[in-house]
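Thanks for asking me to look this one over.

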Amino acid sequence: MAMLFCQKFQRMVQSTLLLCTLIVTLPATAQGFGSLASQFRITQIEHHEDIAADYSSKSTLILERQALSDQGAIVVGKYDVSFHPDLESLEVVEAYTEKVDGQKIPVLPQQINEQKGFLAPGTQISWPGLNSFQITFSQVQNGDKTYVRYQKTTHRPALPQWLTHYDYLGNALDILSYKVQLSAPMEMPLEVMSQGMTLTSSTENGRKHWQIQGRSSSSSDELQMANGLKIFPYWMYSTLPSRLALGDAFTQALRQKVQITPEIQTLANQITQGQNSDFDKAQAIARWIAKEMRYVAIFVGTGGYVPHNLPDILKNRYGDCKDHTLLMMGLLKAAGIESAPTLINTANADWTPPIAAAVYNHVLVYIPGLKLFHDPTASQIPFGKLPWSDSAKPVVVGLPSGSQDMRTPAFAAKDNRVQIQSVWRMDAQGRAQADINVATWGEAATTMQNKLSQIPAGFSGAAVQHFLKAAGLKGKGFIQYPPVQRLTQEQSLSTQITLPHFLTTPEAASVNPHPMVTSLPVYVLNNLGPQLDKDRRFDMLCTPISIEESFELHLPKDAQVLSMPKDTQQNQAGITYRSSYRQEGASIVGQRHFERAPTASGHICTVQELEQRRDALDAVRKDVRSTLLFKLP
């Protein structure tokens with residue numbers, strides 16, 4: 001069984017791409033990177049599954065891990081597996097510790113503990129009906145192995161006629177042996193897909209059989225990596241014939257709960273009173289939900305894919321993404337506006353699954369008449385805009401005429417814009433005073449609003465102390481900004497700071513012509529991305545952005561400028577940059593403008609696109625890191 005865990009604005013590392021949607025019956029082979037490989041390894045994984053004509057299934061799963069250090073012994077000394085008792089049953093058949101000398105120490109019944117229900121605070125997921133078995137192994141030391149074999153029976157799928165499983169071999173661990181044996185009735189429309197593994201199939205006794213084998217070696221991850229599934233070995237199956245069939249099944253389950261009760265109709269009329277256009281009505285509904293609803297994920301029954309009932313959602317005024325979507329669709333329908341649920345994966349990926357696998361972790365609303373996507377859980381985003389995690393993604397939209405593959409819109413550079421104006425004054429004792437003004441629009445404004453909203457009233461000075469400390473600076477100051485208005489993606493701030501020890505050798509110093517408080521992620525340098533390795537394997541996040549820097553640097557009186565940066569221009573493969581520097585006595589006046597355009601897919605650079613941008617980004621990085629040299633008489 002797979003689960004749709006609705007993620008709010010979570011920027012997930014690509015190698016943990018779909019852990020939130022996967023049933024945890026197999027080991028989490030990609031919960032970390034490289035460093036785990038020095039602690040333990042997986043010596044074997046086996047998955048045997050037989051699917052019946054009524055869409056039930058029986059699985060046997062084997063996991064053997066070996067400790068490679070004392071810390072690794074702690075990790076492999078405990079294992080847990082979850083199941084949904086309303087849909088599944090699970091039995092631990094065998095578990096033991098295998099010592100280095102071959103001795104096997106069995107796990108006793110009292111060392112297998114069952115937890116009924118999963119509860120969590122805040123926006124984390126609670127599932128009162130999800131049970132877990134925790135297995136604790138005895139006498140595990142460095143070099144020992146732990147072995148577990150369990151059987152799981154799926155009595156019925158979460159959505160009609162949809163059984164699915166998906167697993168991939170990430171770069172966190174060495175996996176020495178990975179084997180799958182899968183069988184299903186000949187007449188069942190089962191789709192099986194693999195990458196980086198050997199896949200063979202056969203038929204026997206009226207059934208289809210698949211055998212999959214693979215292994216993987218650990219490797220270090222790469223900064224801002226994306227689209228890991230273009231590289232990682234994986235396999236998946238689905239009893240639905242396509243992504244669109246999954247969209248239809250999910251949409252049918254959700255639309256059955258869109259019930260326009262008198263209470264819903266009355267509420268929709270009140271919310272949209274005085275609004276004439278469909279846009280204004282939909283916006284009023286979206287604003288009401290943002291104000292009145294809060295995000296709480298509590299799954300009951302098949303709640304991983306099916307929302308709560310609409311009257312309950314309205315009464316409780318809370319729910320997860322499916323619940324928010326259902327409520328918005330109900331209010332829109334009562335207002336005479338058609339809408340559709342939209343399945344999306346919010347991870348660092350624009351990868352489209354080849355079959356109807358459980359790779360979606362969030363739900364949006366699409367309004368066909370407005371050609372507009374909206375995330376009803378994104379209470380901090382104005383109607384008509386999408387948060388970063390929802391943008392430039394392939395989606396499955398459950399239209400009344402049938403599901404369709406679509407894409408959410410990508411940012412243009414203007415949708416993520418920063419403007420910085422600063423004046424720095426330095427004296428002969430190494431002290432510095434700075435006036436910094438920042439204006440932001442689009443995603444950059446939302447990011448700033450989120451940070452400013454965390455500053456308590458009267459704590460302006462403490463906030464400045466916090467970001468100076470994070471930048472490795474000592475000083476004081478204050479910050480000013482207009483009230484945060486979530487209805488628009490515009491935000492500004494100004495700060496005045498004093499740094500008593502900015503230059504340690506003020507009589508002869510090197511300083512950037514535009515000094516940076518590096519904990520403020522608003523500068524060109526903060527947004528260039530990591531230095532690119534020539535042997536990079538993974539795609540990378542390349543969110544479009546526009547940054548304008550205007551700066552004045554006033555040096556101590558009588559300072560002699562020895563060297564200053566030269567003007568630079570770049571316009572290559574979607575990277576635009578220009579800088580200018582002018583000396584006026586003992587002052588430097590300059591400007592920089594950096595813009596990163598969308599890529600072919602929107603927000604992710606392929607390895608090939610990165611290579612095309614390499615020279616331009618290196619030139620920009622060199623310029624923004626350049627320094628001004630001066631000395632005093």
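1. Lys-371 is exposed, because its relative accessible area is 71% (exposed means over 50%, buried under 20% and partly exposed in between, with a 1.4 Å probe and protein chains only). Look for Lys-371 in the loop between strand E19 (362-367) and strand E20 (372-374); helices (H or I, at least four residues) and strands (E, at least two) are DSSP runs, numbered from the N terminus. The phi of Lys-371 is near 50 degrees, a positive value in a residue other than glycine.

2. A word on the source: this is a predicted model, in which local features need pLDDT of at least 70 and side-chain atom pairs count only at pLDDT 80 or more, while totals for chains, interfaces and linings use all residues. Residues are numbered from 1 along each chain as its sequence is written, and side-chain values use heavy atoms, with hydrogens and water left out.

3. Asn-227 also deserves a look: it is not a glycine, yet has a positive phi of about 55 degrees. Its place is the loop between E14 and E15. Is Asn-227 buried or exposed? With a relative accessible area of 2%, Asn-227 is buried.

4. Next, the aromatic rings. A pair of aromatic rings is described by the distance of the centres and the angle of the planes. Rings of Phe, Tyr and Trp (its six-membered ring) pair if their centres lie within 6.5 Å; planes under 30 degrees apart count as stacked, over 60 as edge-to-face and the rest as tilted. Across the whole structure, the search finds 13 aromatic pairs. One of them joins Tyr-168 and Phe-232, whose ring centres are 5.9 Å apart with planes at 20 degrees, so this pair is stacked. Tyr-168 is in strand E9 (residues 164-168) and Phe-232 in the loop between strand E14 (225-226) and strand E15 (234-238), so the pair links distant parts of the chain, 64 residues apart. Both Tyr-168 and Phe-232 are buried.

5. Phe-551 and Tyr-581 form a tilted aromatic pair, 6.2 Å centre to centre and with 45 degrees between the planes. Because Phe-551 lies in strand E29 and Tyr-581 in strand E32 (residues 575-584), this pair ties together parts that are 30 residues apart in sequence. Phe-551 is buried at a relative accessible area of 2%, and Tyr-581 is buried at 9%.

6. There is also an aromatic cluster, made up of Tyr-166, Tyr-168, Phe-232, Tyr-234, Trp-351 and Phe-538. Elsewhere on the ring theme, the charged end of Arg-417 sits over the ring of Trp-441, 4.2 Å from its centre (the rule asks for NZ of Lys or CZ of Arg within 6 Å of the ring centre and within 35 degrees of the ring normal).

7. How many disulfides does the structure hold? It holds 1 disulfide, a term for a pair of cysteine sulfur atoms within 2.5 Å. The partners are Cys-542 and Cys-605, with sulfur atoms 2.1 Å apart. Cys-542 lies in the loop between E28 and strand E29 (545-554) and Cys-605 in strand E34 (residues 604-605), so the pair ties together parts that are 63 residues apart in sequence. The torsion about their S-S bond is about -125 degrees, so the disulfide is left-handed. Cys-542 counts as buried at 4% relative accessibility, and Cys-605 is buried at 0%.

8. H7 gives the largest share of the lining, 6 residues.
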